[in-house]
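Please look over the sequence and the model first, then read the points by topic.

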Amino acid sequence: MTRWLLLLAILLALTATAAPAPTPANSPMVARVSLNGPIGPAAAEYFDDAAERAVADGAVAIVLQLNTPGGLSDSMRQIIAGMLASKVPVLAYVAPGGARAASAGTYILYAAQIAAMAPATHVGAATPVKLGGSTPMPLQKPDAGPAAASSTGKAAASEDAESNKVLNDSIAYIRSLAQLRGRDAAWAEQAVRGAATLTASEAAQKHVIDFVANDAADLLAKASGRRVQVDGETVTLQLADATVRDYAPGSRSRFLGIITNPTIAYLLLLAGIFGLGLEALHPGAMLPGIVGGIALLVGLYALQLLPVNYAGLALMALGIGLLVAEAVTPTVGVFGVGGLVSFVLGSIMLMNTGVPGYAVNLGVIGGIAVCAAGLLVLVVWLVFRSRRSLQVTGDDAMRSDVAELLEPVGDNNETWVLVRGERWRARCATALPSGARVRVVGREGLLLRVEPL
């Protein structure tokens with residue numbers, strides 16, 4: 001018995017030694033939200049949802065880890081609005097090494113109470129990109145005259161005024177954020193006006209960020225003790241011993257992230273059109289129509305969240321219409337080639353490629369174009385082949401058939417013949433016995449005209 005008690009005591013001692021030290025009950029919790037990739041509707045939805053969950057879980061601060069090439073202005077402003085309305089401070093942190101906070105990421109970095117960057121990261125290049133692009137005016141000819149010069153000047157002035165309006169609005173927005181957080185407003189204007197960029201150490205020297213941090217623990221240690229404005233009140237950060245909890249995107253955010261990928265949205269649109277086309281050609285199949293309808297609606301929902309060029313969308317619709325017209329009324333490829341060219345150009349123009357991360361993969365467009373071109377060539381080849389083939393139905397096919405007389409030709413020059421396994425009443429001008437072979441030369445209703453071979 002003593003031996004068993006001794007063994008039990010040793011096991012309890014080993015278990016107590018191996019058990020990890022418990023986390024202090026009063027240790028503060030910091031939520032970490034990571035935005036990797038373009039800033040879009042999915043990113044804005046993710047931040048709002050994660051920030052709400054973090055505050056509900058008792059987080060004392062939010063670490064917003066950034067690695068983005070930029071994105072959509074509306075989504076960026078939604079994220080910044082959530083940061084400014086947050087009940088807890090937001091620490092923007094550009095990480096890991098090699099990451100960047102370009103374009104929209106620069107605005108988000110300026111909006112945070114604490115801005116930090118990891119070594120080997122950079123920030124800047126925040127010049128706004130006009131959705132839909134601009135249409136440059138053609139060069140004026142020397143002999144165009146003063147009227148044409150006046151018209152060109154007015155159009156250029158109008159375009160310049162619109163561009164300046166967007167640029168000045170962006171400059172005012174980032175300067176207001178810089179003044180709110182006490183950061184370098186002059187460099188912020190350079191980042192918007194001239195696409196200026198800075199490395200992490202340069203940004204710290206110019207007071208664009210507060211400091212350079214090696215990792216999340218270093219970020220919390222350096223931020224601890226700093227006084228920041230949160231919801232109109234000044235608070236002192238106490239984060240040195242805080243624990244970091246990662247908040248992953250929810251199911252809705254992940255779903256939006258998938259469908260708002262430009263290539264996925266493009267493929268959903270094509271799948272919807274193809275499915276509805278199959279249902280129209282084969283009524284009652286049901287499955288293609290149901291799947292196609294769902295894919296088309298989801299694709300259209302994703303497109304209305306993305307920077308779509310409506311001229312490209314119109315070209316795609318025209319291309320599909322011409323391809324359908326080629327299938328219904330074959331024109332030896334005229335409609336088909338025009339539809340294919342229109343569809344490919346529309347696909348390339350569909351997304352505004354000036355916005356970082358928002359362009360349809362050209363390899364996907366090329367693959368679909370090659371498949372469509374191959375199908376078009378096959379259809380044209382089948383059309384030409386059918387024109388060269390012999391008729392197998394109708395009067396033209398029957399006119400060269402050989403028939404056998406089932407009865408002798410009567411006095412009224414009529415008899416019965418066997419053609420392709422069918423009995424036909426026939427008329428022959430020559431008296432022939434039963435069993436004679438004749439050739440069909442014409443048809444009058446249900447009466448065949450035949451003649452001897």
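The model is predicted. The chain has 453 residues, and 38% of them are buried. It holds 15 helices and 16 strands.

**The chain as a whole**

- Of the contacts between residues at least 6 apart in sequence, 65% join residues at least 24 apart.
- The whole structure contains 15 salt bridges.

**Helix α2**

- Helix α2 has 16 residues and spans 23 Å from its first C-alpha to its last, which is close to the 22 Å expected at 1.5 Å a residue.
- The buried residues of α2 include Pro 41, Tyr 46 and Phe 47.
- Several alanines of α2 are buried as well, among them Ala 42, Ala 43, Ala 44, Ala 50, Ala 51 and Ala 54.
- After α2 comes Gly 58, which has a positive phi, near 90°.

- Gln 113 sits in the loop between α4 (104-111) and β5 (114-117).
- Gln 113 has a relative accessible area of 7%, so it counts as buried, the cut-off being under 20%.
- Beyond its neighbours within four places in sequence, Gln 113 is in contact with Pro 89, Val 90, Arg 181, Arg 183, Asp 210, Val 228, Gln 229 and Val 230.
- A polar atom of the Gln 113 side chain lies 3.0 Å from the backbone nitrogen of Val 90.
- Arg 183 is in another loop, the one between α5 (145-181) and α6 (185-193).
- Arg 183 is buried, with 7% relative accessibility.
- The side chain of Arg 183 has a polar atom 3.2 Å from the backbone oxygen of Gln 113.
- The side chains of Arg 183 and Asp 210 are joined by a polar contact of 3.0 Å.
- Leaving out residues up to four places away in sequence, Arg 183 touches a set of residues that includes Leu 109, Tyr 110, Ala 112, Gln 113, Ile 114 and Ala 115.
- Others touched by Arg 183 include Ala 178, His 207, Val 208, Ile 209 and Asp 210.
- Arg 183 and Ala 115 are 68 residues apart along the chain, and their C-alpha atoms are separated by 9.7 Å.

**Salt bridges**

- Side chains of opposite charge can pair when their charged atoms come close.
- Arg 245 and Asp 57 form a salt bridge through their side chains, at 3.6 Å from N to O.
- This pair links distant parts of the chain, 188 residues apart: Arg 245 is in strand β11 (residues 243-246), and Asp 57 is in the loop between α2 (41-56) and β2 (61-67).
- Arg 245 is partly exposed at a relative accessible area of 39%, and Asp 57 is partly exposed at 43%.
- The side chains of Glu 451 and Arg 439 form a salt bridge with an N to O distance of 3.0 Å.
- Glu 451 belongs to strand β16 (residues 447-452) and Arg 439 to strand β15 (residues 437-444), so this pair ties together parts 12 residues apart in sequence.
- Glu 451 is partly exposed, with a relative accessible area of 33%, and Arg 439 is partly exposed, with 31%.
- Glu 444 and Arg 449 also meet in a side-chain salt bridge, at 3.2 Å from N to O.
- Glu 444 has 44% relative accessibility and counts as partly exposed, and Arg 449 is partly exposed at 33%.
- Arg 175, Glu 189 and Arg 193 are linked in a network of salt bridges.

**A nonpolar patch on the surface**

- Val 337, Val 341, Leu 345, Ile 348, Met 349 and Leu 362 form a nonpolar surface patch, with about 520 Å² of accessible area together.
- Helix α13 (residues 334-349) supplies the largest share of the patch, five residues.
- Leu 345 lies in α13 and is partly exposed, with a relative accessible area of 43%.

Conventions: Residues are numbered from 1 along each chain as its sequence is written. This is a predicted model: local features need pLDDT of at least 70, side-chain atom pairs count only at pLDDT 80 or more; totals for chains, interfaces and linings use all residues. Side-chain values use heavy atoms; hydrogens and water are left out. Patches are made of residues with over 30% relative accessible area and no salt bridge: like charges are joined within 9 Å, nonpolar side chains (Val, Leu, Ile, Met, Phe, Trp, Tyr) within 5 Å. Accessible areas come from the Shrake-Rupley method with a 1.4 Å probe; for residues, only the protein chains shown count as cover. A salt bridge is a side-chain nitrogen of Lys or Arg within 4 Å of a carboxyl oxygen of Asp or Glu. Helices (H or I, at least four residues) and strands (E, at least two) are DSSP runs, numbered from the N terminus. Buried means under 20% relative accessible area, exposed over 50%, partly exposed in between (1.4 Å probe, protein chains only). A polar contact is a pair of N or O atoms within 3.5 Å; within protein, one must be able to donate a hydrogen and the other to accept it, and residues adjacent in sequence count only if both atoms are side-chain atoms. Contact means heavy atoms within 4.5 Å. The expected span of a helix is 1.5 Å times one less than its number of residues.
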